[in-house]
Amino acid sequence: MKNKQISLASRPTGMPDAATFQFDTVELPALKSGDILVEPTYFSVDPYMRGRMNAGKSYIPPFDVGQPLSGGAVAKVIESQADGFTPGDVVTGSLPWATQSVVSADGLKKIDTNLAPASYYLGILGMPGLTAYFGLLDIGKPKAGETVVVSGAAGAVGILVGQIAKIQGCRVVGIAGSDDKVDMLTESFGFDAVVNYKTSPNLKKSIAEACPDGVDVYFDNVGGEVSDAVIANINFHARIPLCGQIAFYNMTETPVGPRIQPMLLTRSVLMQGFIVGNYSKRFNEGIQQLATWIQEGKLHYTETTLNGFDTLPEALLGLFSGQNTGKMIVEV
């Protein structure tokens, strides 16, 4: 059976472009014991995938040049040689960028599309939701009355961090890159204030005005000058969950910015990096709590959806120019 896939054509320097990807047609192998044939219906694109285009050791292996990219997906089982999976089951897990794939059933999980729409398992009930939940509550430890700032606030993780912080009784300030996103976060998602970092003439001052009592928790999705400005307003004993550094992902050189260690030291600030996989044994806890908040009307969600398998490269590149509001997904 012929199958279309999207592979890494070459390792990019700086910002990837269309030439980074190549479209191939390959023959699918026969199923072995323990394998299933799946047909993806939704693909997730996420900023961490940019790091996997680089060679070198990290918390997850890099993509191989000439081989298909892979990422979170929801798929339908077409054929099964694996116990516990039958045709028609809907599963989620990491899958190659391909229109169909023969994969091991290990690592794939059946999902209940009666509980929530299938795409939610790539967003609010998937990696972004769990990242927001564990990063904010386990590392940020927000307390009622504190001020929580989140950068990348209109993204898949940030939009949930803000709402979870509101559930905890906090004042929530977002940082985003357009007036439309500012309006959406305040009017639809309950943020108390949002700073547009692209139009602010003095970001440090704008954050100080939005956070008159300082910053107690900073959920950092961005890094760079945005984080420099937030940390300049940090309070004593603040906590910084370090989730992402998208400002650096496509840079060819690392810029020298303010040295933040003296601020962290003299104000007794905790900064802790994490990846959601650190909490894999607690995923069910997170999913159950997020689902409860959805059912109670306390958590709301939005997606940016591109249609068609061939739009996967466009969707991934769109993350780095802020084209998404909430979770960016591709519906096959």
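Predicted model: local features only at pLDDT ≥ 70, side-chain atom pairs only at ≥ 80, totals over all residues.
Visitor: What makes H237 count as exposed?

Guide: Its relative accessibility is 55%. Exposed means over 50%. H237 therefore counts as exposed. The residue sits in strand β12. H237 also has a positive phi of about 65 degrees, although it is not a glycine.

Visitor: Why is S268 called partly exposed?

Guide: S268 has a relative accessibility of 42%. Under 20% is buried, over 50% is exposed, and partly exposed is in between. So S268 is partly exposed. Look for S268 in the loop between α7 (261–266) and β13 (270–273). This residue is not a glycine either, yet its phi is positive, about 55 degrees.

Visitor: And what about S321, buried, exposed or partly exposed?

Guide: The value for S321 is 41%. That falls between the cut-offs of 20% and 50%, so S321 counts as partly exposed. S321 belongs to the loop between α9 (312–318) and β15. Its C-alpha atom is separated by 20 Å from that of L8, and the two residues are 313 apart along the chain.

Visitor: How do you know that helix α2 is largely enclosed?

Guide: Count the buried residues. Helix α2 covers residues 127–140, and eleven of its 14 residues are buried, so the rest of the structure largely encloses it. Among them are P128, L130, Y133, F134 and I139. Just after α2 comes K141, with a positive phi of about 45 degrees.

Visitor: What makes α6 mostly covered?

Guide: Six of the eight residues of α6 are buried. They are G224, V226, S227, A229, V230 and I231.

Visitor: Why are β8 and β9 said to pair?

Guide: Pairing needs at least two bridges. Strand β8 (residues 147–151) and β9 have five, in the parallel sense. So they pair.

Visitor: What pairs with β9 over four bridges?

Guide: Strand β10 (residues 193–196) does, again in the parallel sense. V173 stands opposite A193 in β10. The chain runs from β9 through helix α4 (residues 179–188) to β10, in a right-handed β-α-β crossover.

Visitor: Why is the contact of K327 with D46 called a salt bridge?

Guide: Check the distance. The cut-off is 4 Å, from a side-chain nitrogen of Lys or Arg to a carboxyl oxygen of Asp or Glu. The closest N and O atoms of K327 and D46 are 3.1 Å apart. So the contact is a salt bridge. K327 lies in strand β15 (residues 327–331) and D46 in the loop between β3 (35–44) and α1 (48–51), so the pair ties together parts 281 residues apart in sequence. K327 and D46 are both buried.

Visitor: What makes E146 and R239 a salt bridge?

Guide: Their N to O distance is 2.7 Å. The cut-off is within 4 Å, so the pair qualifies. E146 is in the loop between α2 and β8, and R239 is in strand β12 (residues 234–242), 93 residues apart. Both residues are buried.

Visitor: How do you know that D192 and K166 form a salt bridge?

Guide: Their closest N and O atoms are 3.0 Å apart. That is within 4 Å, so the label holds. D192 lies in the loop between α4 and β10 and K166 in helix α3, so this pair ties together parts 26 residues apart in sequence. D192 is partly exposed at 35%. K166 is partly exposed at 32%.

Visitor: How many salt bridges does a search of the whole structure find?

Guide: Nine. D138, R282 and E285 are linked in a network of salt bridges.

Visitor: What makes up the lining of the second largest pocket?

Guide: Ten nonpolar, six polar and four charged residues. The volume of this pocket is about 440 Å³. Of its 20 lining residues, the closest to the centre are G224, D228, F248, G257 and P258. Helix α6 (residues 224–231) gives the largest share of the lining, five residues.

Note on methods: Residues numbered from 1 in each chain as written. Heavy atoms only, no water. 1 Å grid on protein atoms, 1.4 Å probe; cavity = no way out; pocket = protein on both sides within 12 Å on 5 of 7 lines; lining within 4 Å. Points joined across faces, edges and corners; volume = space filled by probe spheres on them. Helix = DSSP H or I, 4+ residues; strand = E, 2+ residues; numbered from the N terminus. Nonpolar A, V, L, I, M, F, W, Y, C, P; charged D, E, K, R; others polar. Buried < 20%, exposed > 50% of the residue type's maximum accessible area, 1.4 Å probe, protein only. Right-handed = clockwise from strand over helix to strand, strands pointing away.
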